[in-house]
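Let's take a walk through this structure together, one piece at a time. Have the sequence and the 3D view ready.

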Amino acid sequence: MPDVLESPDAGRRDRGLTSEPEALATQSNATFADRSGSDARAEEPILLFQHVSKWYGPVIGINQVTLELRPGITGLVGHNGSGKSTLLRLAAGLMRPDLGDVTIAGHDAWSADAKRHVGYCPELDTFYEEMSGRQFVLTMARMCGYAYDEAFRRTEETLELVAMGDRADRTIAGYSKGMRQRIKLAQALLHDPELLLLDEPLSGIDPIGRRESVELFRELARRGKCLLISSHELEELEKLTDHVAIMAAGRIAAVGTLTQIRDLLDDHPLSIRIASDQNRILAAALLELDDVGGVDRDERHLVVRAKNPRRFFQCLAELVVDRMIEISHLETLDESTHDVLGYLLGGRSARDA
Amino acid sequence: MASLLHYRPWQGEFHSPWWSIWPIARVSLGMFLSRRMFWGLYACGLLLFLMFFFGAYLLAWAESQLGVAAQQFGRDPSRMLRGIRQALRILNGSQDTFQYFFAYQGGIIVVTLSLAGSLLVGDDFTNKSHAFYLAKPISRWHYILGKCAAVAVIVQLMTTLPALVLYGQHAFDDWSYLTNVNYFYENDTGKGPAGIPLLLAVLGYGLLLSVFLSVLLVATAMWMRRTMPLILVWMSLFFFARVLANILVDGLKYDARWRLIDLWNNVTMLGQGMLAYAHEDINPKPQPEFWEAAAVLIGVTTICLMYLNHRTQGVEIVD
């Protein structure tokens, strides 16, 4: 659980995340601001959705989505059927939108020029079982337009990168789920794409592999890549990034850091657990604040329900200084992706997502 | 893992997406060739080829033996030779040889492709693995052409390649077979052209089979995906349609144009046209005009291409 007194990006400062509100989108329009500093802010977004809709017959896949992604890692979360996979497929150029435009680095996502900037790792696990992992990745390298020697070199490099170099000669039929994930990841990384679209990339990977994958994703983000990661593994996603795009019913419900999104959820006061050397005095003082909805007290802690977290923390800081109260513990109780998702998606358990 | 991240910037020129057709085809061919059943079918085709290949030597041996025997018994061998040549005319390297060879091999090809369609194309859609291809910098037409190329290679391996070997065998036996267009008329050994026109006709027949069958297979396999439904579709197209056409034209004496519903008849008719058969020599009689058969094949191919275009507009999968 992140400590509110620290930056929510404590473990992710390497990405140069800004702490100002970037954007939160409701009503389907989401402009996801830059997370890489002012230089990148001026650049073209790598991925741009402009009022995009996609229907499957009478069913709407995504509805009037506007989204802008720049370098860094973004988690894509939402319930089953919320439109995550459709959004990824549109971004990968696998489908054409019925309305609106999807562009990658300024090119129509459907075009070959755009696809040179994209690495797509789909969720599916069954593919070309008779081939060896090496053959498959090499074939995908040839698809990217490399001459054989270069395709071979890149194949070997990316297989080493995903720790499959020594197992790549076995047929895919004999691979575990985790090994299949690594091979899929390898084919997505082959051409050093600026935009990586990863659908459930951590699913089925063992803990060590997950840690390695997370490190790899961070390293890629540090190198200025844009990663859009759809995942049901919210805990893993939280370790990776706190920037999320939350989808619901084909729309982008919110985009931004979890803290920013949480701050704007006025209907759901933030619960904060505080321990101090003067709990009784602190509780009385907190109850006088307009932004505090209530305070519960047990033997060691206070649990405060803050209506406006940002103003609350400003007031709390002034309060403890004025009254010489020593805070020994402070944590937010419902600022996780699960909680935010649960609030945003209106009552359905976020763990269903 | 992250420490291993060391891309070297790519300095070279990217190949055109057209280069991706062969890797796509090779993946499909690799899967095809890894199945024993298809080697079995290929072996059946090879047996037919061997029949034609060694049959030519059988014909030559029979002619020589007949000549000797006729002299011993004091009979005119020419009449008997004509009878033998007429009976074994499909082995003499003439238009008949290639017509029968393509027709027999075509039967095996149709069986093979109806069994292999799911593996070559349908599984991509069943498993959604075509997403890997379509996410790369190629267009959907490159993907379709890659799949068609795989089918075409199989067709060529089973028809054109052995037919060229047969052609080479006859040319090797007698060089004038290759150089003299009127070889058969001058030697009174058969009909039709020899030489380069026959070679071009063989290549054209193979090309016709490759193009039509590959487009048809890719379209029907994208539609049906699974093996059994695909077999039923191909049985309907190549067997039941043929039976129906025969009933309508030969049995009920309907117009010859009803034979156009028999796609295989249209293919073989055009093939025989390339081999310089006269319209009235084509069996079964009566037949529609050449241009009508060509129009039907072009129409079916166009419909298949339109379907392929529509089907690969996107990975239209609702989870």
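## A sheet in chain A

In this predicted model, chain A holds an open sheet of four strands in the order β2-β1-β4-β5, and the pairing is antiparallel. The edges are β2 (59-69) and β5 (107-108) of chain A, each of which pairs on one side only.

## A covered strand

Now for strand β3 (residues 72-78) of chain A: how many of its residues are buried? The count is seven of seven, so to speak a mostly covered strand by the 20% cut-off for relative accessible area. A:Gly72, A:Thr74, A:Leu76 and A:Gly78 point one way from β3(A), while A:Ile73, A:Gly75 and A:Val77 point the other way, and all are buried.

Which strands does it pair with? One is strand β8 (residues 226-230) of chain A, which pairs with β3(A) in the parallel sense over five bridges. Within that pairing, A:Gly75 has A:Ile229 of β8(A) as its bridge partner. Another is strand β9 (residues 243-248) of chain A, which runs parallel to β3(A) and is joined to it by four bridges. Here the bridge partner of A:Leu76 is A:Ala245 in β9(A).

Chain B has 13 helices and zero strands. Read from the N terminus, its elements go α-α-α-α-α-α-α-α-α-α-α-α-α. Its C-alpha trace spans about 90 × 55 × 35 Å along the principal axes.

Of the 319 residues in chain B, 50% are buried. The chain exposes about 14900 Å², with carbon and sulfur atoms supplying 67% of that. Among contacts in chain B with a separation of 6 or more, 72% are between residues 24 or more positions apart.

In soluble globular proteins, nonpolar side chains tend to be buried together. The largest nonpolar core in this model has 161 residues, and the ones with the most contacts inside it are A:Phe49, A:Phe136, A:Phe217, B:Phe98, B:Leu213 and B:Trp234. Helix α10 (residues 195-224) of chain B gives the most to this core, with 15 residues. Apart from it lies another core, of 20 residues, including A:Ala285, A:Leu286, A:Leu302 and A:Phe312.

Pick out B:Trp234 and see what surrounds it. Leaving aside residues up to four places away in sequence, B:Trp234 touches B:Val110, B:Leu113, B:Ser114, B:Leu213, B:Leu216, B:Leu217, B:Thr220 and B:Phe239.

## A threonine up close

B:Thr268 sits in helix α12 (residues 263-274) of chain B. Why does B:Thr268 count as buried? Because its relative accessibility is 8%, and the cut-off for buried is under 20%.

The side chain of B:Thr268 reaches the backbone oxygen of B:Asn265 at 3.1 Å. Not counting residues up to four places away in sequence, B:Thr268 touches B:Gln99 and B:Tyr205.

## How confident is the predictor?

Chain A averages a pLDDT of 79, and 80% of the residues score at least 70. Over residues 1-42 of chain A, though, pLDDT stays under 50; the model has 103 contacts beyond four places in sequence for this stretch. The pLDDT is also below 50 over residues 348-353 of chain A, a stretch with 15 contacts in the model beyond near neighbours in sequence.

Technical notes. Residues numbered from 1 in each chain as written. Chains lettered and ligands numbered in written order. Heavy atoms only, no water. Core = buried A, V, L, I, M, F, W, Y, C linked by side-chain atoms within 4.5 Å. Buried < 20%, exposed > 50% of the residue type's maximum accessible area, 1.4 Å probe, protein only. Helix = DSSP H or I, 4+ residues; strand = E, 2+ residues; numbered from the N terminus. Contact = heavy atoms within 4.5 Å. Polar contact = N/O pair within 3.5 Å; in protein donor to acceptor, adjacent residues only side chain to side chain. pLDDT = per-residue confidence, 0-100. Pairing = 2+ DSSP bridges. Areas by Shrake-Rupley, 256 points an atom, 1.4 Å probe, with all protein chains shown as cover.
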